[in-house]
Amino acid sequence: MDLRCRKTGCKYNCDLTCTAKSVEIDKKFVCKTFVPAPEKEKDFSALIFSDTPPKIADYRHLKDMCLKCSAKCLFNRQNRCIANGITINSALSPDTPKCITFMKP
């Protein structure tokens, strides 16, 4: 599983990739693993539109990633995500880290 995260102000975000050992998504698609890091740049859009775009980590297949999910989602199997990868972000609520890979079953 490849886990991309646009929440650049999170403790676990490294070059737009999540480095947490496990991730939990709740029923409303919110990433409960998110931990604010005041010393990090919080505005992803500011990074994209700057003269020096953000570095993006190479694809990593996280075979041992534990991704717990409580959402009613097509990729949820017994409270585990079976998607090949997910992306965390939410343009509609920028302060809330949401899974945008969610699909209705």
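In what order do the elements of the chain run from the N terminus on? In this predicted model, the order is β-β-β-β-α-β-β-β-β. That gives the chain 1 helix and 8 strands.

The chain has 105 residues, and 39% of them count as buried. Its accessible surface comes to about 7000 Å², with 54% of that belonging to carbon and sulfur atoms.

Next comes the interior. In soluble globular proteins, nonpolar side chains tend to be buried together. Here the largest nonpolar core has 18 residues, and the members that touch the most others are Leu-3, Val-23, Ile-25, Leu-67, Ile-86 and Ile-88. At least two residues of this core come from each of strand E1 (2-5), strand E4 (22-25), strand E5 (66-69) and strand E8.

Ile-88 shows how such a residue is surrounded. Leaving out residues up to four places away in sequence, Ile-88 touches, among others, Leu-3, Cys-5, Ile-25, Cys-31, Pro-97 and Cys-99.

Thr-87 lies in strand E8, which covers residues 85-88. Is Thr-87 buried or exposed? Buried means under 20% relative accessible area, so Thr-87, at 18% relative accessibility, counts as buried. Apart from its neighbours within four places in sequence, Thr-87 is in contact with Arg-4, Arg-6, Lys-98, Cys-99, Ile-100 and Thr-101. Thr-17 is 70 residues from Thr-87 in sequence, yet the C-alpha atoms of the two are 8.9 Å apart in space.

Technical notes
Residues numbered from 1 in each chain as written. Predicted model: local features only at pLDDT ≥ 70, side-chain atom pairs only at ≥ 80, totals over all residues. Heavy atoms only, no water. Helix = DSSP H or I, 4+ residues; strand = E, 2+ residues; numbered from the N terminus. Buried < 20%, exposed > 50% of the residue type's maximum accessible area, 1.4 Å probe, protein only. Contact = heavy atoms within 4.5 Å. Areas by Shrake-Rupley, 256 points an atom, 1.4 Å probe, with all protein chains shown as cover. Core = buried A, V, L, I, M, F, W, Y, C linked by side-chain atoms within 4.5 Å.
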